[in-house]
Amino acid sequence: MSAPTIAPSPALDGKVRGKKPRFQLTPYSLLVPATVVLLIIVGWPLIQLFVISFQEFGRPQVFGAPAPFVGFKNYLKVLTDPSFWNVMVRSILFCLVNVAVTMVGGTLVAILMTKLNKFFRVLMSTGLLLAWAMPALTATIVWGWIFDTSYGVVNYIFTHVFGLDYQGHSWLINPLSFFLVATIIVVWGAIPFVAFTVYAGLTQIPDEILEAAQLDGARGTQRFRLITLPYLRSIFLVVTILQVIWDLRVFTQIYALQGIGGIRDQTSTLGVYIYQTALSSGNFGMGGAIAVITVFFMMAISLYYVRQSLKEEQL
Amino acid sequence: MRKLSFAAIAAVAAITLAGCAGGGSNDAPEAEKPGNIRVWLVGTDTPQAARDLLKTQFEEQNPGSTLTIEEQSWTGLVDKLTTSLSGSDSPDIVEVGNTQAAAFTSAGAFLDLTKYYKELGGDDLLPGFVEAGSYDGKFYAAPLYSGSRLVFYKKDALAAAGLSVPTTLSEYISNAETLAADNPGKSGLWWPGQDWYNALPFIWENGGQVAVFKDGKWDAQFNSAASQKGLAQIQELMTKASNAPKDGNETNPQVGFCDGTTLQLSAPSWVKWSILAPTDADTPGCPDQESNLGVYALPGVNGGAAQVFAGGSNIGISAKSAHPQLALKALKIILGKEFQTIYGTNGLVPALKSLASTLGTDEVAKAISSAAGNARLTPASPKWAEVEASGALTDFFVQIAQGGDIDSLSKALDEKIESILNG
């Protein structure tokens, strides 16, 4: 990945050629620790995952029974299972909605932060940091209480303040409403990261340019569209791709919410589905196959991200 | 999720490599150095007095050794035991639900205790639970305790509605509905949708089954005519008599009972102590309701006690335990008279038949013994635990509670159960 930046320039190339082996050893040896760590904690499990996905691997195999190879049987079973495709479509839709809401919300918060005075900016940053620091599981349980069917504050307010009949209304039983709650939790947890990153970017846009545009008669929306957006293009790209990956593999929030209420079969996303297939149902082979498919899917997205960031580096 | 699945798979990978050497049949070595024994107890069912007794007795008998009790949660237990029992830092002694035991005894996760059967209690052990803890003629997991489900009710509410304790299942249903109709906004029978244990008696009492084994295959029976009759009764109760969340789970039933919105509920016998817990406890109860708290065993279709689900736990020693000899000593204390008596006095059926009298003679004890006399189990398949863990049953009853179509839902459930049991 870092190869382009360390490649010697053509002009120097001729001079250095004689000492090439010694010069090139240092950068590569510096890469060794990171590579070793990555190979151990990502590479090796990935290979194992790949192997398991071609085996019949259940609970007895976990405890030492031999695991026979079954070829593409697991993959065939997964790809012909309609519930897998339901989960896939559901995950992608959930991811798209969440990324869109998070990006728009985070950007709006970032812009708000540039307009606030110091006191409110510090107050807001503190609030955002606290939300960012809250573990996803804790957040989900607290949000679960807020939306609790019998004793939740949301039902209480809707019933007693707005006079609507929300007594005993279950927020999680309807899949759409389940994902509304899940979206609130996920977006709530993700906005701080987007807001801080975009805010950092916003402070780097030269004031003169914005001022000049204003003098030329550009309205706020025009300035945002024609100046801010192009300046922050790379930031938006990176953050969006990160959000896509995070939201596509979302696990904690969905898993914990399913424990509180709702119907698992209608609300599982990719991460939870892999867990249910592999660990709960004890079918590690099939779980592995789903995981491998997910890995390739995410790899395609990541590859785009890596290519884009390489391009940025070259600019 | 990528990370999580990696972690899981990494654990699995490590196990397969390490597992070759281990195996499930190695006998405990005779002499053992002192060490720390880790005991996993699940949920809050085991009283604190019993925990203290286990720790002090074990540490007295084995100078230099220590014993740590780590409390686990029932939710996700099968997943957690799968990863932890196969790992290198496996706990030494683990409790497991009786319907889940087969998943682990069949996989070789527990130490073979066949030759210690007599020392651990022998034929005095609860037979149904010995069966649940045995596999292929070998004894792996001993009974720990059994708990029956009882119906708790508010005496004043039942009296105000002019009702008395029901003697048949249909009276039980009409009672609950009358209570709900007389007290708008309250539950005549508190029944959250995820609570499938309470649904089984309705199926059995109507002559239905969960699944039957014939011609070498499991045949799920929720769609049978008899089961459908039971399911219709369940749906009637859930929709007409219960105000509990349709997709809620059965934890903390004392909350509604104490704030007055629950007039009746069906729960394990130890829930009595949750209801009567001090008001300043971590999970507060309402001790002032003691005189108003009535209890009876669920009545059957033709009177008498209904066939209820025989809940309870088994306890075994991990095949990967680093101190199997010490673990065995601790297990002997757990199955000892003193430890088991504490279960009895706390309303749980002890693992030893000879201690049945410790339950006492009060209302709860009478209800327990009549319920236990007619208790039944879930299908005896090593894969049954996977049916439970898959969430198929909770999903199904949540949909029933919502008023879903019984016929099509039960057909889909049968297919799902069969695909797991025969898969």
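Visitor: In what order do the three strands of the open sheet in chain B stand, and what is the sense of their pairing?

Guide: The order is β10-β7-β11 in chain B, and the pairing is antiparallel. Please note that this is a predicted model, in which local features need pLDDT of at least 70 and side-chain atom pairs count only at pLDDT 80 or more, while totals for chains, interfaces and linings use all residues. Residues are numbered from 1 along each chain as its sequence is written, and chains are lettered from A and ligands numbered from 1 in the order in which they are written. Strands are DSSP runs of E with at least two residues, and helices are runs of H or I with at least four, both numbered from the N terminus.

Visitor: What makes β10 and β11 of chain B edge strands?

Guide: Each of them, β10 (264-268) and β11 (293-296), pairs on one side only. Two strands pair if DSSP finds at least two bridges between them. From one strand to the next, the twist averages 30 degrees.

Visitor: How do you know that β7 and β11 of chain B are paired?

Guide: Strand β7 (residues 149-154) of chain B is linked to β11(B) over four bridges, in the antiparallel sense. The requirement is at least two, so the two strands count as paired. Within this pair, B:Val151 is opposite B:Tyr296 of β11(B). Helix α14 (residues 363-372) of chain B lies across β7 and β11 of that chain, at about 145 degrees to β7(B).

Visitor: Which strands of chain B form a hairpin, and how many residues lie between them?

Guide: The hairpin consists of β8(B) and β9(B), with two residues between them. In its turn, B:Asp215 has a positive phi of about 55 degrees. Strand β8 (residues 211-214) and strand β9 (residues 217-220) of chain B pair in the antiparallel sense over four bridges, and B:Val212 faces B:Asp219 in β9(B).

Visitor: Why are β2 and β13 of chain B said to stand at the edges of their sheet?

Guide: That open sheet has six strands in the order β2-β1-β3-β12-β6-β13 (chain B), with mixed pairing. β2 (66-72) and β13 (349-350) each have a single partner strand, so one side of each is left without a neighbour in the sheet. Elsewhere in this sheet, strand β3 (residues 93-97) of chain B runs antiparallel to strand β12 (residues 311-317) of chain B, and five bridges join them. B:Val94 stands opposite B:Gly316 in β12(B).

Visitor: Let us turn to chain A. Why is α7(A) called oblique to α10(A)?

Guide: Helix α7 (residues 118-133) and helix α10 (residues 175-202) of chain A pack at about 125 degrees, with axes 8 Å apart. Axes are lines fitted to C-alpha atoms, for helices over the stretch in contact, and angles run from 0 to 180 degrees between N-to-C directions. Angles under 35 degrees count as roughly parallel, over 145 as roughly antiparallel, 65 to 115 as roughly perpendicular and the rest as oblique. The angle therefore makes α7(A) oblique to α10(A).

Visitor: Which residues of α7(A) meet α10(A)?

Guide: They are A:Leu128, A:Leu129, A:Ala131 and A:Trp132; their counterparts in α10(A) include A:Trp188, A:Gly189 and A:Phe196. Residues are in contact if their C-beta atoms, placed from the backbone, lie within 7 Å. By class there are nine nonpolar, one polar and no charged residues. Ala, Val, Leu, Ile, Met, Phe, Trp, Tyr, Cys and Pro count as nonpolar, Asp, Glu, Lys and Arg as charged, and the others, Gly among them, as polar.

Visitor: What makes α10(A) oblique to α14(A)?

Guide: α10(A) and helix α14 (residues 252-260) of chain A pack at about 135 degrees, their axes 10 Å apart. That angle makes the two helices oblique. Among the residues in contact are A:Phe178 and A:Ile185 of α10(A) and A:Leu257 of α14(A). The contact has seven nonpolar, one polar and no charged residues.

Visitor: How many residues of chain B are in contact with chain A?

Guide: There are 38 from chain B, in contact with 38 of chain A. α1(B) gives the most to the side of chain B that touches chain A, with 13 residues. That side has 18 nonpolar, 14 polar and six charged residues.

Methods
Two residues are in contact if their C-beta atoms, placed from the backbone, lie within 7 Å.
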